[in-house]
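Hello,

Please find below the structure I said I would pass on. My notes on what was found in it follow.

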Amino acid sequence: MRLTFLGTGTAMPLPDRVQAGLLLERDDRRLLVDCGSGVLHRLAGTDVGYEGVSTVLLTHHHLDHVADLLPLLKARWLAGEEHLEVVGPGGTKSLIDGLLDVHEYLDGRVDLSVREVGPTEFSVAGFDVSATEMQHSMDCLAYRFAGADDSEGDIVFSGDGQASASLTNFADGAAVLAHDCSFPDGVDVETHPSPSELGAVLAGKDIGRVYLTHLYPPTEGRHEEMLDSISEHYDGEVRFARDGLRLEV
């Protein structure tokens, strides 16, 4: 399985970090996870391109995770692609209906299907997925994508949310965990984890590699400090994700 970080930024994007988006590939299967502003352009720079992605899986509906949904739909329509599937937590159909109410001319341009999922197991775009709830300011799901052989090849994406033992238990044994770490220690935010909070819930977990993503501007210049804070609790490998980073799992 191949993972590409398309967007590792937030609602306050940086020049080299657009909003949230991940691309998963296995054989001829492709899945876009979240579709924030700038993700369409990042996707256009991959071998897959927006023509090659017909399914989007949403963690939640905050703007920095969904802003490029209709731009993706329009780009696929103009490229002659006929299908788009959007999958996400409860309220996804209302979200899409509302967007199409604003941009009526896009309604019916492609064969659009919408599916809502909860904290359970399901299949999407040929990937076997498990979902669990995150503690965030709106309904949000974290996802675990099954590897080709066993759990050692699994990839987990937290979406947004507080550091929680339930999430790190969910991710235990995975090859990769991409986790929200929006701010350094000392920033008072209830809906995103600090490095020390994340390190505490990672302690004792067996995860191949943790990548920090969803990075707000205050993290700039403080990466080493954030890594040191996590390492006070967790002795596993932790790195910062960046736009365009590709991993083979």
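**Notes on the model**

Ser196 is located in helix α6, which covers residues 195–202. Please keep in mind that this is a predicted model. Ser196 counts as partly exposed, because its relative accessibility is 25%, and buried would mean under 20%. Setting aside neighbours within four places in sequence, the contacts of Ser196 are Asp185, Ser229 and His233. Thr132 is 64 residues away from Ser196 in sequence, and the two C-alpha atoms are 22 Å apart in space.

**The chain as a whole**

The chain has 7 helices and 14 strands. Its radius of gyration is 17 Å, close to the 18 Å that the globule rule gives for 249 residues, so the chain is as compact as a globular protein of that length. The C-alpha trace spans about 55 × 40 × 30 Å along its principal axes.

Of the 249 residues, 53% count as buried. The chain exposes about 10,500 Å², and 44% of that area is supplied by carbon and sulfur atoms. Counting contacts with a separation of 6 or more, 64% are between residues 24 or more positions apart.

As for charge, the chain has 18 positive and 43 negative charges.

Strand β1 takes in residues 2–7 and is mostly covered, with 5 of its 6 residues buried. Which strands pair with β1? One is β2 (residues 21–26), which runs antiparallel to β1 and is joined to it by 5 bridges. In that pairing, Thr4 stands opposite Leu23 of β2. Another is β14 (residues 246–248), which pairs with β1 in the antiparallel sense over 3 bridges. There, Leu3 has Leu247 as its bridge partner. Through these pairings, β1 is joined both to residues 21–26 and to residues 246–248.

Strand β5 (residues 83–88) is also mostly covered: 5 of its 6 residues are buried. Its pairings are parallel, with β4 and with β6. Strand β4 (residues 55–57) is joined to β5 by 3 bridges, and Val56 stands opposite Val86 in β5. The pairing of β5 with β6 (residues 111–116) has 6 bridges. In this pairing, Gly88 is placed opposite Glu116 of β6.

Helix α3 covers residues 69–78, and its buried residues are Leu69, Leu70, Leu72, Leu73, Ala75 and Arg76. Gly80 follows the helix and has a positive phi, near 90 degrees.

Ala67 sits in the loop between α2 (63–66) and α3. Is Ala67 buried or partly exposed? Its relative accessible area is 27%, so Ala67 is partly exposed. Apart from neighbours within four places in sequence, Ala67 is in contact with Gln19, Cys35, Gly36 and Ser37. Leu106 is 39 residues from Ala67 along the chain, with 15 Å between their C-alpha atoms.

Most residues other than glycine have a negative phi.

- Ala125 is not a glycine, yet its phi is positive, at about 55 degrees. Ala125 is in the loop between β7 (121–124) and β8 (127–133). With a relative accessible area of 25%, Ala125 is partly exposed.
- His214 is also a residue other than glycine with a positive phi, near 60 degrees. The loop that holds His214 lies between β12 (209–213) and α7 (223–231). His214 is buried, because its relative accessible area is 4%, and the cut-off for buried is under 20%.

Regards

Methods:
Residues numbered from 1 in each chain as written. Predicted model: local features only at pLDDT ≥ 70, side-chain atom pairs only at ≥ 80, totals over all residues. Heavy atoms only, no water. Helix = DSSP H or I, 4+ residues; strand = E, 2+ residues; numbered from the N terminus. Rg over C-alpha atoms; globule rule 2.2 N^0.38 Å. Buried < 20%, exposed > 50% of the residue type's maximum accessible area, 1.4 Å probe, protein only. Contact = heavy atoms within 4.5 Å. Areas by Shrake-Rupley, 256 points an atom, 1.4 Å probe, with all protein chains shown as cover. Lys, Arg positive; Asp, Glu negative; His and termini not counted. Charge placed at Lys NZ, Arg CZ, Asp CG, Glu CD. Pairing = 2+ DSSP bridges.
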